[in-house]
Amino acid sequence: MKALVVVFFYFLMEADETRKYSKCELYEELTKHGLDGYTGIGVGHWICLILFGSGYDTEYYKFSDGHPYYGLFHLSGLKWCSNGRHPSENLCKIDCDNFLDDNISDDVECAKKVAASKGGMMSWKHFGEYCTHPMPEIVFWECKTE
Ligand SMILES: *[C@@H]1O[C@H](CO)[C@@H](O)[C@H](O)[C@H]1NC(C)=O
């Protein structure tokens, strides 16, 4: 019984924590959220963006070049969300903290706005640096189950 209680709390803690995705989990989630092919960008390229932006980590936060960056998609708190401490255009009309939990729905919604914005995928500097070379979209084959 005691062991059962411990196990129960273990899972409770797990569920409460933010999470780091594996590549194939991410493939599944991004596809489910309609990112494969969004604005012509294949899911492999989205995964590249996320790898270099946050290392697949939903809890990602970094302050660099005067910008606070949040979450899986490395979204700027001066432009796409607001953290209440910095003036921000807040184009996704959202509190930046929402990008740090393990529910990626709002992250994806905002990332779609970025992709559809004037700068497109190039709004993400690291996308231009690491993800623009032609890449075969092999993630489907890598992650295909059975
Ligand atoms: C994730 O967040 C969205 C709102 O951003 C909400 O509609 C949805 O129910 C949430 N999903 C879960 C599993 O909590």
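I started with residues 92–110. I note that the model is a predicted one. I then looked up the record for this span. UniProt, in an unreviewed entry, places the feature "domain: Glycosyl hydrolases family 22 (GH22)" at residues 92–110.

**Entry: D106**

I picked D106 next. I found D106 in helix α4, which covers residues 105–116. Which residues does D106 touch, leaving out those up to four places away in sequence? I listed I94, N98 and F99. I94 and D106 are twelve residues apart in sequence, and their C-alpha atoms are 8.6 Å apart in space.

**Entry: helices α2 and α3**

I moved on to two helices. Helix α2 spans residues 23–32, and helix α3 spans residues 43–54. At what angle do they pack? I got about 120°, with the axes 10 Å apart. Angles of 65 to 115 degrees count as roughly perpendicular and those over 145 as roughly antiparallel, so α2 and α3 are oblique to each other. Their crossing is right-handed.

I then wrote down who meets whom. From α2 I have K23, L26, Y27, L30 and T31. From α3 I have V43, W46, I47 and I50. I sorted these contact residues by kind: seven are nonpolar, one is polar and one is charged.

**Entry: aromatic pairs**

I turned to the rings. How many aromatic pairs are there? I counted five. I looked at one of them, W46 with F73. The ring centres are 6.2 Å apart, and the planes stand at 80° to each other. This pair is edge-to-face. I traced where the partners sit. W46 is in helix α3, while F73 is in the loop between β2 (67–70) and β3 (75–76). They are 27 residues apart, so the pair links distant parts of the chain.

**Entry: D57**

I ended with D57. D57 lies in the loop between α3 and β1 (61–64). Not counting residues up to four places away in sequence, D57 touches R19, K20, G71 and L72. I also checked D57 against L100. The two are 43 residues apart in sequence and 8.9 Å apart in space, C-alpha to C-alpha.

Technical notes:
Residues are numbered from 1 along each chain as its sequence is written. This is a predicted model: local features need pLDDT of at least 70, side-chain atom pairs count only at pLDDT 80 or more; totals for chains, interfaces and linings use all residues. Side-chain values use heavy atoms; hydrogens and water are left out. Axes are lines fitted to C-alpha atoms, for helices over the stretch in contact, and angles run from 0 to 180 degrees between N-to-C directions. Helices (H or I, at least four residues) and strands (E, at least two) are DSSP runs, numbered from the N terminus. Angles under 35 degrees count as roughly parallel, over 145 as roughly antiparallel, 65 to 115 as roughly perpendicular and the rest as oblique. A crossing is left-handed if the near helix is turned anticlockwise from the far one by less than a right angle, and right-handed if clockwise. Contact means heavy atoms within 4.5 Å. Ala, Val, Leu, Ile, Met, Phe, Trp, Tyr, Cys and Pro count as nonpolar, Asp, Glu, Lys and Arg as charged, and the others, Gly among them, as polar. UniProt positions are given in the numbering used here, feature names are shortened, and annotations may be inferred rather than shown by experiment. Rings of Phe, Tyr and Trp (its six-membered ring) pair if their centres lie within 6.5 Å; planes under 30 degrees apart count as stacked, over 60 as edge-to-face and the rest as tilted.
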